[in-house]
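Please have the sequence and coordinates open.

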Amino acid sequence: MIEPKSCSYEEFPAAPETCPGMKVIQTKRDECKLAYHANVEYDRYEGGPLSLQILFPYYADERPASFPCLVFVQGSGWGVQNVYSNVASLAKLAEKGYVIAVVQYRHSAAAPFPAQVIDTRTAVKFLRKNAAAYNIDETRIAVSGDSSGGHTSLMLTVTEGLGAFASEKYPGYSDHISACVDFYGPTAIYEMNEAPSGMDHYGADSPEGMLIGGLDVQENLELAKKTDPVLYLEKERPLPPVLIFHGDKDPIVPFRQSVRLYDALLENGKEAYFYKMLGAEHGGPGFWTDEVIGLVDEFLRRSFAADC
């Protein structure tokens with residue numbers, strides 16, 4: 001009998017046995033697999049818990065103990081989210097060496113704007129507080145989202161340091177983010193019916209009306225304009241880089257919403273990049289191709305390096 005003993009990978013002997021018909025595959029020791037923490041509670045309110053879906057890479061060989069983190073806000077028209085709908089697609093980015101945390105926010109029927117922004121900010125602070133538990137490099141956190149999640153991500157980005165959008169949870173932990181990736185997020189909800197669209201955006205029961213508390217958007221312009229990330233831009237105030245993707249055949253969020261955002265970012269001297277997705281609608285496989293994932297990866301790595 002061989003006495004058990006602990007030893008390193010290099011010291012442990014490879015099994016010498018073989019048998020007829022057995023085939024052999026050589027592993028490279030640099031393969032990546034993904035681990036998944038489901039429904040991680042980061043906050044609780046009167047309606048129940050708010051959770052994160054966390055994906056993180058795992059490698060067989062020696063890698064850094066922590067990875068950059070992308071906080072992803074799942075779009076839902078600000079209503080109840082299906083936080084699992086993009087997990088499989090986000091795995092493609094996680095495989096490049098990112099922790100991905102998909103945020104559940106309070107839906108608009110439970111809490112109007114800016115609750116969604118505050119919730120996402122709370123999630124960022126929670127992730128910094130628990131960075132070691134989830135292999136996160138707390139100095140490299142970015143935010144992204146699609147549709148209403150893109151809007152929430154943009155609002156988080158442009159309102160850093162503004163008291164009305166602050167989270168009182170996890171005091172002592174920063175809510176700073178290094179970059180924002182916006183997938184077809186709306187900006188001026190009070191202008192959305194002025195472009196071709198497959199739905200009404202102004203009624204009290206529209207997604208935009210529900211965002212501001214179940215009110216008609218055009219009859220409550222002052223309130224509606226508080227949701228516009230463009231109106232928070234200031235030339236003197238620093239802003240992390242912003243990367244925008246939007247389909248030219250989007251029937252839900254008019255393409256010109258992103259044109260307006262990009263123009264305003266450049267006019268205010270901010271770093272911004274904009275990709276018009278030809279033939280793309282409101283989401284879909286075209287936004288998760290290897291080309292797009294590569295662009296996001298390159299943008300994030302460049303932004304993290306500049307924010308050191």
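Glu191 is partly exposed, because its relative accessibility is 33%. Salt bridges with shared partners join Glu191, Asp228 and Arg260 into one network. The model is a predicted one.

**Salt bridges**

The count comes to 11 salt bridges. The table lists three of them, including the Glu191 pair.

| Pair | N to O distance |
|---|---|
| Glu191 and Arg260 | 3.8 Å |
| Asp175 and Arg121 | 3.0 Å |
| Lys92 and Asp290 | 3.6 Å |

Glu191 sits in the loop between β6 and α4 (207-211), and Arg260 in helix α6 (residues 256-267), so their contact ties together parts 69 residues apart in sequence.

Asp175 forms a salt bridge with Arg121. This pair links distant parts of the chain, 54 residues apart: Asp175 is in the loop between α3 (148-158) and β6 (180-183), Arg121 in helix α2 (residues 115-129). Both Asp175 and Arg121 are buried.

Lys92 meets Asp290 in a salt bridge. Lys92 belongs to helix α1 (residues 87-94) and Asp290 to helix α7 (residues 290-306), so the pair ties together parts 198 residues apart in sequence. Lys92 is partly exposed at 30% relative accessibility. Asp290 is exposed, at 62%.

**Strand β2**

How many residues of strand β2 are buried? The count is 10 of 12 in β2 (residues 48-59), so the strand is largely enclosed by the rest of the structure.

Strand β1 (residues 32-45) runs antiparallel to β2, joined by 11 bridges. Lys33 has Tyr58 of β2 as its bridge partner. A hairpin of 2 residues connects β1 to β2.

Strand β4 (residues 99-103) is also antiparallel to β2, with 4 bridges. Here Ile54 has Ala101 of β4 as its bridge partner.

Methods:
Residues are numbered from 1 along each chain as its sequence is written. This is a predicted model: local features need pLDDT of at least 70, side-chain atom pairs count only at pLDDT 80 or more; totals for chains, interfaces and linings use all residues. Side-chain values use heavy atoms; hydrogens and water are left out. Buried means under 20% relative accessible area, exposed over 50%, partly exposed in between (1.4 Å probe, protein chains only). Two strands pair if DSSP finds at least two bridges between them. A salt bridge is a side-chain nitrogen of Lys or Arg within 4 Å of a carboxyl oxygen of Asp or Glu.
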